[in-house]
Amino acid sequence: MLRETTLNNPETPEGERIPRAPDRDSPGRDRIRILDRPVNVLNMEQAVARVRRAWGKGKVCQVVTANVEMLHTSLQDQELARILEEAELVTADGAGVLLAARMGGSSLPERVAGFDLMLACLQEAAREGVPVFFLGARPQVLQEALLKISQRFPGLTIAGSHHGYFQDKQGEAIVNQIRVRKPRLLFVALGSPRQEKWIYEYLDRLPPCVAIGVGGSLDVLAGKARRAPAWMQRAGLEWFYRLLQEPSRLRRMSVIPLFLLKVLWRRLSP
Ligand code: UDP
C-alpha cells in the first residue's frame, strides 16, 4: 500500500522525509489544557473510535497515552511538548491526569490507560483484519506477550515484532522492517518518553499506521508485571500499587504532587 501522502506527491521518493501529516483530526477541537499541555476529552469508546478512524484514513499518526510524569517532563522538555501538541490524540493514562484536570477547572470523562487502549484496539484490529506490529520489551517478554496476544485475539494478524533493546543507530533498520511488514497499527513499548520520541522521529518514514506508545504493557501481558486490582484502579490508586511493586519509581513519581501543586497555583493565581 502506498502512503497517501506519496500518492498526492508522486515526486516524493520512497524513504525521503516527507512533510508531517497535515490533516490530523482537527486537534484542539476536543482538547483541554493542563498547564498548557493538551489532553483529549474522550472516554475509551471514543478513543478507540478515533484510532479506528485514523487507521482507516491510510495516513500515519501518533497517539500518546500521557500520565502526570510525562506531562511534568514536558514542562521542561520542549521536544516532548511539541510531540503532545502535534499528536493525533493524547489520552489520560492515569488517574493523576483526571485529578489535575479537575484541579485546573476542567474535566475528563475517564481514564484511557495505554494498556486498556491497546487491548481494545487489538480487539477491533482482530475484527477488522488490521495488521499490527509490536516494538519493545525484552526479547523473551515480547515473545511471551505475543503468545498471550495470539491466544486472546485468535483472528489477529501480527505483521511483525522487534524487541526494544537496540541501539539508536539501528532505528533506521527497524523502521525499514516495519515498512516492509505494512502494519496499520503499531504499538511501541520502550518506556516514556523514549517511545514518544522514537515514534515522532520516524513518523514520516513509517508506513500509514497509528503508532501508540504503551509503556510497560507488554510486560503486563507477558505476566512479568501486574496491574493493580480493579478496585484500586477505580479508586485512582494504580500509581500506589505500581510503587509497591517497583519502589525505584518513587523518584519519578515524586513529581506528581509537584505537578498538581503547579496546577492549583496556576488556577488560584490572579
Ligand atoms: N524498554 C525497552 N527498551 C529499553 C528500555 C525499556 O524496550 O531500552 C521496555 C521495558 O522492557 C518495558 C518498557 O520499555 O517493557 C517500559 O516499561 P515502563 O513500565 O517502565 O514504562 P513507562 O512507565 O516508562 O512508560
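User: Which way do the residues of strand 7 point, and are they buried or exposed?
Analyst: Leu 185, Phe 187 and Ala 189 point one way from strand 7, Leu 186 and Val 188 point the other way, and all are buried. In a regular strand, side chains alternate between the two faces of the sheet. "Buried" asks for 20 or more other C-beta atoms within 10 Å of a residue's own, "exposed" for 12 or fewer, and "partly exposed" is what lies in between, with C-beta atoms placed from the backbone. With 5 of its 5 residues buried, strand 7 is mostly covered.

User: Good to know! What am I looking at here, and how are residues numbered?
Analyst: This is a predicted model, in which local features need pLDDT of at least 70 and side-chain atom pairs count only at pLDDT 80 or more, while totals for chains, interfaces and linings use all residues. Numbering starts from 1 along each chain as its sequence is written.

User: What makes a stretch a strand or a helix, and how are the elements numbered?
Analyst: Both are DSSP runs, numbered from the N terminus: helices are H or I over at least four residues, and strands are E over at least two. By that rule the protein has 14 helices and 8 strands. Its 270 residues include 40% that are buried.

User: How do you know that strand 7 pairs with strand 8?
Analyst: Pairing requires DSSP to find at least two bridges between two strands. Strand 7 (residues 185-189) and strand 8 (residues 210-213) have 4 bridges in the parallel sense, so by that definition they pair. Among the partners, Leu 185 bridges to Val 210, and Leu 186 to Ala 211.

User: Which strand also pairs with strand 7, and over how many bridges?
Analyst: Strand 5 (residues 132-136) does, in the parallel sense, over 5 bridges. There, Leu 135 stands opposite Val 188 in strand 7.

User: Why are strands 4 and 6 called edge strands?
Analyst: The open sheet has 6 strands in the order 4-3-8-7-5-6, with parallel pairing. Strand 4 (89-92) and strand 6 (158-162) each have a single partner strand, so one side of each is left without a neighbour in the sheet.

User: What makes a set of residues a nonpolar core, and which members touch the most others?
Analyst: A nonpolar core is a set of buried Ala, Val, Leu, Ile, Met, Phe, Trp, Tyr and Cys residues joined through C-beta atoms within 7 Å. The largest one has 69 residues, and Val 132, Leu 186, Val 188 and Val 210 touch the most other members. Helix 6 (residues 114-128) gives the largest share of this core, 6 residues.

User: Why is Glu 86 called partly exposed?
Analyst: Glu 86 has 18 C-beta neighbours inside 10 Å, so it counts as partly exposed. Its place is in helix 4 (residues 78-86). Its C-alpha atom is separated by 9.3 Å from that of Tyr 200, 114 residues apart along the chain.

User: How do you know that the peptide bond joining Ser 192 and Pro 193 is cis or trans?
Analyst: Its omega is about 5°, and the bond is cis. Pro 193 sits in the loop between strand 7 and helix 9 (194-202).

User: Which residues are closest to the ligand, and how does the shell divide?
Analyst: The ligand is surrounded by 13 residues, the closest being Gly 164, Gly 191, Ser 192, Gly 215 and Gly 216. To be near a molecule, a residue needs its C-beta atom, placed from the backbone, within 6 Å of it. The shell divides into 5 nonpolar, 6 polar and 2 charged residues. Here Ala, Val, Leu, Ile, Met, Phe, Trp, Tyr, Cys and Pro count as nonpolar, Asp, Glu, Lys and Arg as charged, and the others, Gly among them, as polar.
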